[in-house]
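Here is a short briefing to read alongside the sequence and the model. Keep the structure open while going through the points.

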Amino acid sequence: MERGGGGGGGMDSVPDGVVQHILSMLSNVRDVAACACVCRRWREHVPYLPALFFPRNAFDAAAVGGGAADEAIGRMVAAVERLRELVIYCPFSLARLPAWLAMRSASLRVLELRMDAAADRDALDAGYLDCIALATGLEELRLWGVLLTNAPAWGPLQGLRVLEIVGAPLRDAAVTDLLAACPSLTDLSLLGCDCSGEVSFSLPMLQRCRLDFLGGGNCALLLAAPRLQSLEAQGFTWISLQGGHSLRRLSIAKSTGRVYKVDTGKLPDLEFLSLRGVQWSWAAVSAVLQCASQVRHLVMKIEFCGEFDVLQPFPEVDLVDFFNGHPRLRKFEIHGAMFAALCQRNSLKNLDSRFTIPCLEELLITVRSPLNAEQKLSTLESLVKYSVNLQAMVIRISQMKNCHDAADDFFEEICKFKYTNYRKVRIE
(Lines give C-alpha, C1' and ligand atoms only; values in the text may rest on other atoms or scores of the structure.)
Protein backbone atom coordinates (compact mmCIF):
# COMPACT_ATOMS: atom_id res chain seq x y z
CA MET A 1 0.00 0.00 0.00
CA GLU A 2 2.92 2.33 0.74
CA ARG A 3 4.53 1.61 -2.62
CA GLY A 4 1.25 2.26 -4.40
CA GLY A 5 1.34 5.94 -3.55
CA GLY A 6 -1.91 7.84 -3.76
CA GLY A 7 -3.23 6.48 -7.05
CA GLY A 8 -5.95 3.99 -6.16
CA GLY A 9 -4.01 2.34 -3.37
CA GLY A 10 -5.25 1.24 0.04
CA MET A 11 -8.66 -0.23 0.78
CA ASP A 12 -10.22 1.63 -2.14
CA SER A 13 -8.53 -0.81 -4.52
CA VAL A 14 -10.09 -3.86 -2.83
CA PRO A 15 -13.04 -5.22 -4.84
CA ASP A 16 -16.51 -4.83 -3.34
CA GLY A 17 -16.96 -8.60 -3.09
CA VAL A 18 -13.84 -8.94 -0.93
CA VAL A 19 -14.89 -6.06 1.35
CA GLN A 20 -18.34 -7.56 1.73
CA HIS A 21 -16.87 -10.96 2.57
CA ILE A 22 -14.57 -9.50 5.23
CA LEU A 23 -17.35 -7.46 6.82
CA SER A 24 -19.69 -10.44 6.77
CA MET A 25 -17.44 -12.08 9.36
CA LEU A 26 -18.40 -9.40 11.88
CA SER A 27 -21.38 -9.91 14.17
CA ASN A 28 -20.63 -8.01 17.39
CA VAL A 29 -22.60 -4.78 17.12
CA ARG A 30 -19.71 -2.73 18.52
CA ASP A 31 -17.50 -3.88 15.64
CA VAL A 32 -20.28 -3.35 13.11
CA ALA A 33 -20.88 0.21 14.34
CA ALA A 34 -17.17 1.02 14.25
CA CYS A 35 -16.78 -0.25 10.69
CA ALA A 36 -19.87 1.61 9.50
CA CYS A 37 -18.25 4.86 10.62
CA VAL A 38 -15.06 4.36 8.59
CA CYS A 39 -16.43 5.40 5.22
CA ARG A 40 -19.55 5.46 3.08
CA ARG A 41 -18.41 2.44 1.10
CA TRP A 42 -18.17 0.26 4.21
CA ARG A 43 -21.48 1.56 5.51
CA GLU A 44 -23.15 0.53 2.26
CA HIS A 45 -22.24 -3.11 2.98
CA VAL A 46 -24.00 -3.17 6.39
CA PRO A 47 -27.36 -4.31 4.89
CA TYR A 48 -25.69 -7.51 3.69
CA LEU A 49 -24.34 -8.63 7.08
CA PRO A 50 -25.65 -12.10 7.99
CA ALA A 51 -25.59 -11.78 11.81
CA LEU A 52 -25.92 -9.33 14.69
CA PHE A 53 -24.74 -10.11 18.22
CA PHE A 54 -25.61 -7.79 21.11
CA PRO A 55 -23.40 -8.77 24.11
CA ARG A 56 -24.42 -8.14 27.70
CA ASN A 57 -22.26 -5.01 27.86
CA ALA A 58 -23.39 -3.61 24.52
CA PHE A 59 -25.00 -0.60 26.26
CA ASP A 60 -24.42 1.20 29.55
CA ALA A 61 -27.05 1.39 32.29
CA ALA A 62 -28.14 4.87 31.30
CA ALA A 63 -28.87 3.79 27.73
CA VAL A 64 -30.86 0.79 28.92
CA GLY A 65 -32.90 2.78 31.42
CA GLY A 66 -33.65 5.62 29.04
CA GLY A 67 -34.76 3.47 26.13
CA ALA A 68 -31.76 4.37 23.96
CA ALA A 69 -30.67 0.73 23.86
CA ASP A 70 -33.98 -0.38 22.35
CA GLU A 71 -33.77 2.39 19.78
CA ALA A 72 -30.24 1.34 18.82
CA ILE A 73 -31.23 -2.31 18.50
CA GLY A 74 -34.18 -1.34 16.32
CA ARG A 75 -32.03 0.82 14.04
CA MET A 76 -29.43 -1.89 13.53
CA VAL A 77 -32.01 -4.59 12.86
CA ALA A 78 -33.69 -2.28 10.34
CA ALA A 79 -30.35 -1.52 8.67
CA VAL A 80 -29.36 -5.16 8.12
CA GLU A 81 -31.79 -6.14 5.39
CA ARG A 82 -30.62 -9.75 4.97
CA LEU A 83 -30.27 -10.61 8.65
CA ARG A 84 -30.12 -14.38 9.17
CA GLU A 85 -28.94 -14.58 12.81
CA LEU A 86 -29.95 -12.35 15.72
CA VAL A 87 -28.46 -12.85 19.20
CA ILE A 88 -29.44 -10.51 22.06
CA TYR A 89 -27.79 -10.95 25.46
CA CYS A 90 -28.11 -7.34 26.63
CA PRO A 91 -31.15 -5.94 28.47
CA PHE A 92 -33.99 -5.03 26.12
CA SER A 93 -37.71 -4.36 26.17
CA LEU A 94 -39.88 -7.33 25.28
CA ALA A 95 -42.52 -4.91 24.03
CA ARG A 96 -40.20 -3.98 21.13
CA LEU A 97 -39.34 -7.56 20.17
CA PRO A 98 -42.38 -8.16 17.88
CA ALA A 99 -41.46 -5.17 15.70
CA TRP A 100 -37.87 -6.38 15.32
CA LEU A 101 -38.94 -9.89 14.37
CA ALA A 102 -41.55 -8.64 11.95
CA MET A 103 -38.96 -6.52 10.12
CA ARG A 104 -36.74 -9.54 9.40
CA SER A 105 -39.28 -12.36 9.37
CA ALA A 106 -38.45 -13.31 5.79
CA SER A 107 -34.68 -13.71 6.25
CA LEU A 108 -34.21 -14.60 9.95
CA ARG A 109 -33.11 -18.21 10.49
CA VAL A 110 -31.34 -18.18 13.90
CA LEU A 111 -32.66 -16.43 17.02
CA GLU A 112 -31.09 -16.43 20.49
CA LEU A 113 -32.46 -14.36 23.37
CA ARG A 114 -31.55 -13.95 27.03
CA MET A 115 -35.03 -13.38 28.35
CA ASP A 116 -33.79 -13.02 31.92
CA ALA A 117 -32.10 -9.79 30.77
CA ALA A 118 -35.38 -8.32 29.52
CA ALA A 119 -36.16 -5.27 31.60
CA ASP A 120 -39.94 -5.67 31.48
CA ARG A 121 -40.37 -9.45 31.57
CA ASP A 122 -42.30 -9.46 34.84
CA ALA A 123 -44.70 -6.78 33.61
CA LEU A 124 -45.92 -8.76 30.59
CA ASP A 125 -48.50 -11.50 30.46
CA ALA A 126 -47.85 -15.16 29.74
CA GLY A 127 -47.97 -14.55 25.99
CA TYR A 128 -44.73 -12.62 25.72
CA LEU A 129 -43.18 -15.43 23.65
CA ASP A 130 -46.01 -15.56 21.11
CA CYS A 131 -44.28 -13.02 18.86
CA ILE A 132 -41.60 -15.59 17.94
CA ALA A 133 -44.19 -17.04 15.56
CA LEU A 134 -43.65 -13.93 13.39
CA ALA A 135 -40.26 -15.36 12.33
CA THR A 136 -41.83 -18.08 10.20
CA GLY A 137 -38.53 -19.16 8.64
CA LEU A 138 -36.71 -19.89 11.92
CA GLU A 139 -34.43 -22.91 11.87
CA GLU A 140 -32.68 -22.49 15.25
CA LEU A 141 -34.11 -21.00 18.45
CA ARG A 142 -32.31 -20.59 21.79
CA LEU A 143 -33.95 -19.01 24.82
CA TRP A 144 -32.39 -18.31 28.23
CA GLY A 145 -34.36 -17.70 31.40
CA VAL A 146 -37.87 -17.99 29.98
CA LEU A 147 -41.00 -18.73 32.00
CA LEU A 148 -42.94 -21.62 30.46
CA THR A 149 -45.92 -22.24 32.67
CA ASN A 150 -48.12 -22.01 29.57
CA ALA A 151 -47.21 -23.00 26.04
CA PRO A 152 -46.65 -20.04 23.66
CA ALA A 153 -49.03 -19.68 20.73
CA TRP A 154 -46.52 -20.41 17.99
CA GLY A 155 -48.63 -22.59 15.77
CA PRO A 156 -46.56 -25.07 13.79
CA LEU A 157 -42.98 -23.88 13.25
CA GLN A 158 -42.37 -26.35 10.44
CA GLY A 159 -38.85 -25.16 9.65
CA LEU A 160 -37.49 -25.20 13.22
CA ARG A 161 -34.71 -27.78 13.52
CA VAL A 162 -32.89 -26.75 16.72
CA LEU A 163 -34.54 -25.73 19.99
CA GLU A 164 -32.60 -24.94 23.17
CA ILE A 165 -34.13 -23.62 26.40
CA VAL A 166 -31.91 -22.90 29.41
CA GLY A 167 -32.88 -22.18 33.01
CA ALA A 168 -36.66 -22.22 32.74
CA PRO A 169 -39.42 -23.13 35.19
CA LEU A 170 -41.63 -25.52 33.22
CA ARG A 171 -45.00 -27.16 33.48
CA ASP A 172 -45.32 -30.60 31.96
CA ALA A 173 -48.37 -29.70 29.86
CA ALA A 174 -46.61 -26.58 28.54
CA VAL A 175 -43.60 -28.64 27.44
CA THR A 176 -45.81 -31.14 25.63
CA ASP A 177 -47.75 -28.42 23.78
CA LEU A 178 -44.58 -26.46 23.00
CA LEU A 179 -42.86 -29.43 21.36
CA ALA A 180 -46.01 -30.36 19.47
CA ALA A 181 -45.65 -27.01 17.69
CA CYS A 182 -42.12 -27.98 16.52
CA PRO A 183 -42.66 -31.25 14.61
CA SER A 184 -39.44 -31.05 12.56
CA LEU A 185 -36.94 -30.78 15.43
CA THR A 186 -33.67 -32.67 15.00
CA ASP A 187 -31.92 -31.21 18.07
CA LEU A 188 -33.60 -30.52 21.42
CA SER A 189 -31.98 -29.21 24.62
CA LEU A 190 -33.83 -28.36 27.83
CA LEU A 191 -31.04 -27.50 30.28
CA GLY A 192 -31.21 -26.48 33.92
CA CYS A 193 -35.01 -26.54 33.82
CA ASP A 194 -37.28 -27.09 36.80
CA CYS A 195 -40.24 -29.37 36.21
CA SER A 196 -42.27 -32.06 37.93
CA GLY A 197 -44.92 -34.45 36.69
CA GLU A 198 -44.83 -36.17 33.31
CA VAL A 199 -43.00 -34.87 30.24
CA SER A 200 -44.38 -36.62 27.18
CA PHE A 201 -43.70 -35.87 23.52
CA SER A 202 -43.25 -37.49 20.12
CA LEU A 203 -40.80 -36.08 17.58
CA PRO A 204 -40.34 -38.21 14.45
CA MET A 205 -37.28 -36.29 13.17
CA LEU A 206 -35.42 -35.91 16.48
CA GLN A 207 -31.79 -37.10 16.40
CA ARG A 208 -30.12 -35.49 19.43
CA CYS A 209 -31.79 -34.77 22.77
CA ARG A 210 -30.42 -33.30 26.04
CA LEU A 211 -32.77 -33.02 29.01
CA ASP A 212 -31.34 -31.67 32.29
CA PHE A 213 -34.07 -31.24 34.87
CA LEU A 214 -33.42 -29.92 38.37
CA GLY A 215 -34.93 -30.87 41.73
CA GLY A 216 -35.27 -34.08 43.69
CA GLY A 217 -38.95 -34.66 42.95
CA ASN A 218 -40.49 -37.33 40.79
CA CYS A 219 -40.49 -36.56 37.08
CA ALA A 220 -41.30 -39.03 34.31
CA LEU A 221 -40.15 -38.93 30.69
CA LEU A 222 -42.14 -40.54 27.87
CA LEU A 223 -40.33 -40.06 24.58
CA ALA A 224 -41.10 -41.42 21.10
CA ALA A 225 -38.34 -40.67 18.59
CA PRO A 226 -37.61 -43.35 15.96
CA ARG A 227 -34.54 -41.51 14.56
CA LEU A 228 -32.95 -40.65 17.90
CA GLN A 229 -29.18 -41.15 17.95
CA SER A 230 -28.14 -39.45 21.22
CA LEU A 231 -30.07 -39.03 24.47
CA GLU A 232 -28.86 -37.40 27.71
CA ALA A 233 -31.49 -37.48 30.47
CA GLN A 234 -30.82 -35.99 33.91
CA GLY A 235 -33.29 -35.78 36.78
CA PHE A 236 -35.96 -38.34 35.83
CA THR A 237 -37.25 -41.13 38.06
CA TRP A 238 -39.04 -43.00 35.29
CA ILE A 239 -38.02 -43.13 31.62
CA SER A 240 -39.79 -44.74 28.68
CA LEU A 241 -38.23 -44.56 25.22
CA GLN A 242 -40.02 -45.78 22.13
CA GLY A 243 -38.11 -46.29 18.91
CA GLY A 244 -34.59 -46.34 20.30
CA HIS A 245 -33.27 -48.85 17.78
CA SER A 246 -31.07 -46.16 16.15
CA LEU A 247 -29.68 -44.87 19.45
CA ARG A 248 -25.89 -44.68 19.63
CA ARG A 249 -25.31 -42.70 22.84
CA LEU A 250 -27.38 -42.94 26.02
CA SER A 251 -26.65 -41.16 29.30
CA ILE A 252 -29.01 -41.36 32.28
CA ALA A 253 -28.26 -39.60 35.57
CA LYS A 254 -30.02 -38.45 38.72
CA SER A 255 -27.95 -36.67 41.34
CA THR A 256 -30.73 -36.62 43.97
CA GLY A 257 -33.55 -39.05 44.56
CA ARG A 258 -33.99 -42.43 42.90
CA VAL A 259 -34.40 -43.93 39.44
CA TYR A 260 -37.22 -46.46 39.62
CA LYS A 261 -37.71 -47.69 36.07
CA VAL A 262 -36.09 -47.38 32.65
CA ASP A 263 -37.75 -48.89 29.58
CA THR A 264 -35.83 -48.46 26.33
CA GLY A 265 -36.41 -51.60 24.33
CA LYS A 266 -33.53 -53.23 22.47
CA LEU A 267 -30.61 -50.95 21.62
CA PRO A 268 -28.70 -52.86 18.92
CA ASP A 269 -26.57 -49.92 17.70
CA LEU A 270 -25.65 -48.46 21.09
CA GLU A 271 -21.99 -47.46 21.34
CA PHE A 272 -21.89 -45.47 24.61
CA LEU A 273 -23.91 -45.98 27.79
CA SER A 274 -23.53 -44.00 31.03
CA LEU A 275 -25.54 -44.74 34.18
CA ARG A 276 -24.99 -42.33 37.09
CA GLY A 277 -26.73 -41.48 40.31
CA VAL A 278 -27.00 -42.00 44.04
CA GLN A 279 -29.68 -44.68 44.04
CA TRP A 280 -31.20 -46.82 41.30
CA SER A 281 -33.63 -49.67 41.45
CA TRP A 282 -31.72 -52.82 40.53
CA ALA A 283 -34.56 -53.71 38.17
CA ALA A 284 -33.88 -50.45 36.27
CA VAL A 285 -30.14 -51.17 36.11
CA SER A 286 -30.70 -54.74 34.91
CA ALA A 287 -33.22 -53.66 32.27
CA VAL A 288 -30.85 -51.12 30.71
CA LEU A 289 -27.87 -53.50 30.75
CA GLN A 290 -29.90 -56.25 29.08
CA CYS A 291 -31.15 -53.92 26.35
CA ALA A 292 -27.59 -52.59 25.77
CA SER A 293 -25.97 -55.96 25.16
CA GLN A 294 -23.99 -54.62 22.16
CA VAL A 295 -22.59 -51.53 23.90
CA ARG A 296 -18.91 -50.64 23.29
CA HIS A 297 -18.26 -48.09 26.07
CA LEU A 298 -19.97 -48.51 29.45
CA VAL A 299 -19.80 -46.13 32.44
CA MET A 300 -21.30 -47.34 35.73
CA LYS A 301 -21.26 -44.77 38.54
CA ILE A 302 -24.23 -45.65 40.75
CA GLU A 303 -23.72 -45.57 44.52
CA PHE A 304 -26.58 -47.73 45.81
CA CYS A 305 -29.57 -49.83 44.88
CA GLY A 306 -32.76 -50.38 46.83
CA GLU A 307 -36.35 -49.25 46.88
CA PHE A 308 -37.78 -46.13 48.53
CA ASP A 309 -35.46 -44.70 51.22
CA VAL A 310 -33.54 -47.92 51.90
CA LEU A 311 -29.99 -47.73 50.51
CA GLN A 312 -28.65 -51.17 49.64
CA PRO A 313 -25.49 -52.44 47.96
CA PHE A 314 -25.59 -54.02 44.54
CA PRO A 315 -26.49 -57.72 44.45
CA GLU A 316 -23.89 -60.22 43.28
CA VAL A 317 -23.07 -59.99 39.59
CA ASP A 318 -21.56 -63.05 37.92
CA LEU A 319 -18.46 -61.87 36.05
CA VAL A 320 -18.74 -64.53 33.35
CA ASP A 321 -22.42 -63.89 32.70
CA PHE A 322 -21.87 -60.13 32.62
CA PHE A 323 -19.14 -60.17 29.98
CA ASN A 324 -20.80 -62.93 27.96
CA GLY A 325 -23.85 -60.68 27.91
CA HIS A 326 -21.78 -57.74 26.58
CA PRO A 327 -19.38 -59.36 24.09
CA ARG A 328 -18.51 -56.14 22.19
CA LEU A 329 -17.54 -54.10 25.26
CA ARG A 330 -14.27 -52.23 24.60
CA LYS A 331 -14.09 -49.68 27.41
CA PHE A 332 -15.54 -50.18 30.90
CA GLU A 333 -15.54 -47.55 33.67
CA ILE A 334 -16.61 -49.12 36.98
CA HIS A 335 -17.42 -47.19 40.13
CA GLY A 336 -16.97 -48.79 43.55
CA ALA A 337 -20.49 -50.27 43.90
CA MET A 338 -20.50 -52.13 40.59
CA PHE A 339 -16.95 -53.35 41.11
CA ALA A 340 -17.91 -54.65 44.56
CA ALA A 341 -20.82 -56.53 42.97
CA LEU A 342 -18.38 -58.27 40.61
CA CYS A 343 -16.18 -59.21 43.58
CA GLN A 344 -18.63 -61.21 45.70
CA ARG A 345 -18.05 -64.78 46.85
CA ASN A 346 -19.86 -66.39 43.91
CA SER A 347 -19.00 -63.86 41.21
CA LEU A 348 -16.13 -65.97 39.85
CA LYS A 349 -17.68 -69.41 40.29
CA ASN A 350 -18.24 -69.92 36.53
CA LEU A 351 -14.69 -69.13 35.43
CA ASP A 352 -12.98 -71.81 33.34
CA SER A 353 -10.19 -72.02 30.81
CA ARG A 354 -12.53 -71.54 27.84
CA PHE A 355 -13.79 -68.17 29.03
CA THR A 356 -12.43 -65.00 27.38
CA ILE A 357 -13.34 -61.33 27.29
CA PRO A 358 -12.71 -60.82 23.57
CA CYS A 359 -12.97 -57.05 22.91
CA LEU A 360 -12.16 -55.30 26.20
CA GLU A 361 -9.26 -52.87 25.73
CA GLU A 362 -9.60 -50.31 28.55
CA LEU A 363 -10.69 -50.68 32.18
CA LEU A 364 -11.07 -47.85 34.67
CA ILE A 365 -11.91 -49.13 38.17
CA THR A 366 -12.63 -46.95 41.20
CA VAL A 367 -12.00 -48.72 44.52
CA ARG A 368 -13.30 -46.98 47.63
CA SER A 369 -13.16 -49.67 50.33
CA PRO A 370 -10.64 -52.32 51.48
CA LEU A 371 -13.47 -54.66 52.47
CA ASN A 372 -13.42 -58.06 50.78
CA ALA A 373 -9.85 -57.33 49.66
CA GLU A 374 -9.02 -60.91 48.69
CA GLN A 375 -12.00 -61.19 46.33
CA LYS A 376 -11.25 -57.80 44.79
CA LEU A 377 -7.67 -58.77 44.04
CA SER A 378 -8.85 -62.05 42.58
CA THR A 379 -11.29 -60.21 40.33
CA LEU A 380 -8.57 -57.81 39.15
CA GLU A 381 -6.31 -60.74 38.31
CA SER A 382 -9.14 -62.46 36.42
CA LEU A 383 -9.89 -59.35 34.39
CA VAL A 384 -6.27 -59.08 33.29
CA LYS A 385 -5.98 -62.80 32.60
CA TYR A 386 -9.12 -63.28 30.53
CA SER A 387 -9.17 -59.94 28.67
CA VAL A 388 -7.11 -61.08 25.70
CA ASN A 389 -6.94 -57.61 24.09
CA LEU A 390 -6.57 -55.52 27.25
CA GLN A 391 -4.27 -52.54 26.73
CA ALA A 392 -4.74 -50.52 29.92
CA MET A 393 -6.23 -50.99 33.38
CA VAL A 394 -6.42 -47.88 35.57
CA ILE A 395 -7.14 -48.41 39.27
CA ARG A 396 -8.35 -45.33 41.11
CA ILE A 397 -8.09 -45.65 44.88
CA SER A 398 -10.23 -42.70 45.91
CA GLN A 399 -11.77 -41.57 49.21
CA MET A 400 -10.95 -44.84 50.97
CA LYS A 401 -13.62 -45.15 53.64
CA ASN A 402 -11.61 -47.15 56.21
CA CYS A 403 -8.28 -45.54 57.00
CA HIS A 404 -6.88 -48.19 59.34
CA ASP A 405 -4.27 -50.90 58.74
CA ALA A 406 -6.57 -52.91 56.46
CA ALA A 407 -6.57 -50.07 53.95
CA ASP A 408 -2.77 -49.88 54.03
CA ASP A 409 -2.46 -53.64 53.52
CA PHE A 410 -4.96 -53.55 50.66
CA PHE A 411 -3.12 -50.71 48.97
CA GLU A 412 0.14 -52.62 49.31
CA GLU A 413 -1.43 -55.62 47.58
CA ILE A 414 -2.74 -53.35 44.80
CA CYS A 415 0.80 -52.02 44.30
CA LYS A 416 2.17 -55.56 44.02
CA PHE A 417 -0.49 -56.37 41.47
CA LYS A 418 0.45 -53.24 39.55
CA TYR A 419 4.13 -54.14 39.44
CA THR A 420 3.34 -57.69 38.37
CA ASN A 421 1.35 -56.33 35.40
CA TYR A 422 3.28 -53.12 34.87
CA ARG A 423 2.71 -53.09 31.09
CA LYS A 424 -1.05 -52.82 31.47
CA VAL A 425 -1.87 -51.64 35.00
CA ARG A 426 -1.38 -48.25 36.59
CA ILE A 427 -2.67 -46.61 39.78
CA GLU A 428 -4.22 -43.18 40.13
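This is a predicted model: local features need pLDDT of at least 70, side-chain atom pairs count only at pLDDT 80 or more; totals for chains, interfaces and linings use all residues.

**Salt bridges across the sequence**

- Side chains of opposite charge can pair when their charged atoms come close.
- Arg96 and Glu71 form a salt bridge through their side chains, with an N to O distance of 3.4 Å.
- Arg96 sits in the loop between strand S2 (85–88) and helix H6 (97–103), while Glu71 belongs to helix H5 (residues 68–79), so this pair ties together parts 25 residues apart in sequence.
- Arg96 is partly exposed, at 29% relative accessibility. Glu71 is also partly exposed, with a relative accessible area of 38%.
- Arg142 and Glu164 make another salt bridge, and their closest N and O atoms are 3.9 Å apart.
- Here strand S4 (residues 140–144) supplies Arg142 and strand S5 (residues 162–166) supplies Glu164, so the pair ties together parts 22 residues apart in sequence.
- Both Arg142 and Glu164 are buried.
- A network of salt bridges links Glu140, Arg142 and Glu164.

- Lys416 and Glu413 meet through their side chains in a salt bridge of 3.7 Å, N to O.
- Both residues lie in helix H12 (residues 405–420). They are three residues apart, about one turn of the helix.
- Lys416 is partly exposed, at 44% relative accessibility. Glu413 is partly exposed too, at 34%.

- Helix H8 spans residues 282–291. Its buried residues are Ala284, Val285, Ser286, Val288, Leu289 and Cys291.

**Helices H11 and H12**

- Two packed helices are described by the angle between their axes and the distance between the axes.
- The axes of helix H11 (residues 373–386) and H12 come within 11 Å, and they cross at roughly 15°.
- H11 and H12 are therefore roughly parallel to each other, angles under 35 degrees counting as such.
- Their crossing is right-handed.
- On the H11 side, the contact is made by Ala373, Lys376, Leu377, Leu380, Glu381 and Val384. On the H12 side, Phe410, Glu413, Ile414 and Phe417 take part.
- By class, this contact of H11 with H12 has seven nonpolar residues, three charged residues and no polar ones.

**Two loop residues**

- Ser107 lies in the loop between H6 and strand S3 (110–114).
- Ser107 is buried, with a relative accessible area of 16%, because that value falls under the 20% cut-off.
- Neighbours within four places in sequence aside, Ser107 is in contact with Glu81, Arg82, Leu83 and Arg84.
- Most residues other than glycine have a negative phi.
- Asn372 is not a glycine, yet its phi is positive, at about 60°.
- Asn372 is found in the loop between strand S17 (362–367) and H11.
- Asn372 is partly exposed, at 35% relative accessibility.

How values were computed: Residues are numbered from 1 along each chain as its sequence is written. Side-chain values use heavy atoms; hydrogens and water are left out. A salt bridge is a side-chain nitrogen of Lys or Arg within 4 Å of a carboxyl oxygen of Asp or Glu. Helices (H or I, at least four residues) and strands (E, at least two) are DSSP runs, numbered from the N terminus. Buried means under 20% relative accessible area, exposed over 50%, partly exposed in between (1.4 Å probe, protein chains only). Axes are lines fitted to C-alpha atoms, for helices over the stretch in contact, and angles run from 0 to 180 degrees between N-to-C directions. Angles under 35 degrees count as roughly parallel, over 145 as roughly antiparallel, 65 to 115 as roughly perpendicular and the rest as oblique. A crossing is left-handed if the near helix is turned anticlockwise from the far one by less than a right angle, and right-handed if clockwise. Contact means heavy atoms within 4.5 Å. Ala, Val, Leu, Ile, Met, Phe, Trp, Tyr, Cys and Pro count as nonpolar, Asp, Glu, Lys and Arg as charged, and the others, Gly among them, as polar.
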